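Biologist: Hi! Could you walk me through this one before I set anything up?
Modeller: Happy to, let's look at it together.

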Amino acid sequence: MGWFRTHASAARPAVSVLAEPDGEPAGSGVLLPGQHLLTCAHVVNSALGRADLLAPGHPGPVAVRVRIIAPGVTVEREAELRAWIPPRLNDAGLGGYEWNGDLAVLRLAEALPPSVQPPVWYPMAKAQRVRAWHGSGEPGAFADAEVTSCDGRFGYFDGDDRALEVGQSYSGGPLWSDDESVVVGLVTAKLDVHGGLVRRAWGIPWQRVRRELDGEGLAHLAARPDDGAPDHPAYSDLVALLDGPPPTSDGWARCARAVARQLGLGHREDGSPSAEEFARLLLTHERALPALVAAVGAGSGGLAEELLAVARSHRLPRLLSPQEYERLVRLLDALPATAAARIPAAVRAALPLAAVPAELLGGNGSWAPLVEHLEALHGDSAADPYGGVAVPRLLRAVEYVAASCRPADGDGGGMSAALRDWCGRVAVRLGVPGTALRDRRKDAAEWAEQGRPTPPRVLVELRAVPSRGDGPERYRMRLWCDDGTGPQPVSEQDQRPRTSGEVAREILAVVGPLRRAGGSVLPVVELVVDRDSLELPLDDWEDPDQPLPRVLGAEYPVVVNCPELREIGGDGILSDWRERWRRLDSEEPLHIDDEAAESTRALYGLLMERRFAGRADIVVSRQRRSAAVQTCLAAGVPVVLWDRGDKPGSPAMRHFTDSRGHLPEQVRIYRAMALRRPLTCPGRPVLAWADPDLLPPEGAGRPVPEEDELSYDELEEDELSYDELEEVKDFLSPEPADRVSEPPSRRAPIPAHEWERVRHLQAAVREIEHMSAAARDTGEPPPPDTDWPPPNAGRPLPVLELVDPTDSDPEGPEDPEVYA
């Protein structure tokens, strides 16, 4: 056995294989990973009622009942036969009481509680003290014995005179080593020699179990934790260091004892582990290497630095020793609620390049999962300019959390000092220069002093995926969070299509951790869209898998932002946008009705007359609504409110009077009221809200397909082919232009940098076709329009048409959009 030992565990699960006729134990078994268990084949034969227990024939697709007993847990499950290794009595080299094979792998039909885990295997060896349990699982029904012979195929063990004798229903159960808390084999048969005085039995050692399962492709089920350690790239480096000069006069023994103590392991009282065993431990116990570095200490002549260098070069996942990890989790879990509520903002501010899963930022009872995620990240901070070690991401994040603690939080000042002290100690052990840590501490202090007067935001970009058949609408989505430090991605931005329910579920999972302490300031969900998606009903979407409806627009303020339209007017309109926002409190809102929006020129004149009004309330007929909204946004109005419903008079509009600070919350309250009183609150309000100081991510709202997402021959049917686009481009360009490179095949993807040109060319060709159609209808060319195309526009705004006074049906079909 090795120098390190696992302490005995009272949580060893017992497995009873039950006989079909009466439910009595036919034998025992051992849990394996993945809902599997192992027993002897003759135990399965007994449970099925077969007369010949050593019958080699496969019993077919059968299942047996098993009972699993662990502290506080007793469950029964069906277990299906997955692998049959029959008893082989005629193999060469067998004694009169021996046979090979005799193993069966079963798979449980249902998962076990998480607290019930399979034991660890270890090779059987002579002189091991083992214990076998009766198939009933009764705590007192065990037999103690000692392994007297083991050749890797058979292990013989003799019972004590005062111990119970191994007998019926012990078969298939584990031979358990209390010294190591491991299983070394399976009980198989009792030797009943006439006149024999010794209580002798034999079992299948782990060595043969592994070989027999390997023949079935199932060797992984009986693998040991350190089986793969010698193949790890860091193994040889660690063995070389551990085989070198020891750090102290008593060799590696003192350091090994310290590591064992931190990991909760036992150890031999004499000697020290071999370099190979120590290296296996360091690679299989995830916090063993940090514990060894702490035990070696700074006075080891550079050995600690060499161990750390191995960990960094091979990106070993754990940064903290067990004591450091437990201390940090205790400190974070003990933070007052007001201070803990700022942890998500602190982590995002500290690690702007890291995509931290939203569920980890919720706490959910403990910050341990967040700590484990952050300590596995590498490379966020810059290396020390003088060649020192960079500040790890985890330490940087903890410094920001410490800076966010405030005396008003209760014990915020003391917790802040404790977190900084923890950072300092860990930095010293890791060899991080003090100057580098002080720089990160200064950054954290500056961030904390800035404050965040605006509510946090979740920014959502959605792009509809063309529907196929009668299925639900699906969307590609990107998400960002903004705690006041700018939009940061909250997770890897995958482009898989999502239903509206899936979109709502992901947004709710992200927005929850952003809630400020006390819950009085709600995060804002900002939908960043192109002009065609301004009325996308994101506020109505809900998570269908929740017991409560969880409607987005009822739980959180939902606003829209359309950067695309602001680009139309160029720098002048962008300047107006900022000035309109600045005067939002002082200028009266614009009221835009059908009279004010009787034409595009009339609405434009009003917007220029009230050039610095920051809000526009639009109450127009449904036919005019889209054009009026887009015109206001294109003119730089930062706050535009309208009703997307079909009820005449836009009934939602009279409920909103606040011009700025509480308007998103007023809209949220109305949406919640509409759920309770749909007849008295029939409106469907939409609020466009664009703060110039809170910009969306670059490129958001103008979705561009990924490079491998769309190919030339996958364009919509009414769009132009690759060759036609080239002809139009040559026609429109006064001078020869650089041609789009001929794709290698008709299904070659359109590069992202060329897609914008393709879209502009298609818009130009459609306009030419429109003018040609107008000429055919009237016999005359259309009048010149000097307002098209506007600067930076991919396509023009819709035109406001005069409403036919004889058309009094507000529910009638919309007029088609007419382009200038």
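Modeller: One definition to begin: a contact means heavy atoms within 4.5 Å. With that, among contacts in the protein between residues at least 6 apart in sequence, 68% join residues at least 24 apart. Bear in mind that this is a predicted model.

Biologist: Got it. How many helices and strands does the protein have?
Modeller: There are 23 helices and 24 strands. The protein has 820 residues, and 50% of them count as buried.

Biologist: Which residues touch the most other members in the largest nonpolar core?
Modeller: Leu292 and Trp422 do, in a core of 84 residues. Leaving out residues up to four places away in sequence, Leu292 touches Leu242, Trp252, Cys255, Val259, Phe278, Leu282 and Leu307. A second, separate core has 52 residues, including Leu508, Val510, Leu607 and Ala613.

Biologist: At what angle do H4 and H6 pack?
Modeller: About 135°, with the axes of H4 and helix H6 (residues 288-296) 9 Å apart. That angle makes H4 oblique to H6, and H4 passes H6 in a right-handed crossing.

Biologist: Which residues make that contact of H4 and H6?
Modeller: From H4, they are Arg254, Cys255, Ala258, Val259, Gln262 and Leu263; from H6, they are Ala288, Ala291, Leu292, Ala294, Ala295 and Val296. By class, the contact of H4 with H6 has 10 nonpolar, 1 polar and 1 charged residues.

Biologist: Nice link. Now H10: how many of its residues are buried?
Modeller: 8 of the 8, so H10 is largely enclosed by the rest of the structure. The buried residues are Ile343, Pro344, Ala345, Ala346, Val347, Arg348, Ala349 and Ala350.

Biologist: What do those buried residues of H10 pack against?
Modeller: They pack against helix H8 (322-333), helix H9 (337-340), helix H11 (368-375), H12, helix H14 (434-450) and strand S16 (474-482).

Biologist: Let me follow up on H12. How far apart are the axes of H10 and H12?
Modeller: They are 8 Å apart, where helix H10 (residues 343-350) and helix H12 (residues 393-404) pack at an angle of about 135°. H10 and H12 are therefore oblique to each other, and their crossing is right-handed.

Biologist: Which residues meet there, from H10 and H12?
Modeller: Ile343, Ala346, Ala349 and Ala350 in H10 meet Arg396, Ala397, Tyr400, Val401 and Ser404 in H12. Sorted by class, the contact of H10 with H12 has 7 nonpolar, 1 polar and 1 charged residues.

Biologist: I'm curious about Glu399. Buried or exposed?
Modeller: Glu399 is in helix H12 and has 0% relative accessibility, so Glu399 counts as buried. Apart from residues up to four places away in sequence, Glu399 touches Arg420, Cys423, Leu437, Arg441 and Ala444.

Biologist: Switching to backbone angles: what is the phi of Asp102?
Modeller: Positive, about 65°, although Asp102 is not a glycine. For context, most residues other than glycine have a negative phi. Asp102 lies in the loop between strand S6 (73-85) and strand S7 (103-108), and is buried with a relative accessible area of 0%.

Biologist: And what about Ser169, where does it lie?
Modeller: Ser169 is in the loop between strand S10 (155-159) and strand S11 (174-177). Ser169 also has a positive phi, of about 75°, although it is not a glycine. Ser169 is buried, with a relative accessible area of 11%.

Biologist: Last topic. Where is Ala222 found?
Modeller: In the loop between helix H2 (206-214) and helix H3 (235-242). Ala222 has 0% relative accessibility, so it counts as buried. Not counting residues up to four places away in sequence, Ala222 touches Trp121, Trp206, Val209, Arg210 and Leu213. Ala222 and Pro118 are 104 residues apart in sequence and 10.0 Å apart in space, C-alpha to C-alpha.

Notes. Residues numbered from 1 in each chain as written. Predicted model: local features only at pLDDT ≥ 70, side-chain atom pairs only at ≥ 80, totals over all residues. Heavy atoms only, no water. Core = buried A, V, L, I, M, F, W, Y, C linked by side-chain atoms within 4.5 Å. Buried < 20%, exposed > 50% of the residue type's maximum accessible area, 1.4 Å probe, protein only. Axes fitted to C-alpha atoms, helices over the stretch in contact; angles between N-to-C directions. Helix = DSSP H or I, 4+ residues; strand = E, 2+ residues; numbered from the N terminus. Parallel < 35°, antiparallel > 145°, perpendicular 65-115°, else oblique. Left-handed = near helix turned anticlockwise from the far one by under 90°. Nonpolar A, V, L, I, M, F, W, Y, C, P; charged D, E, K, R; others polar.
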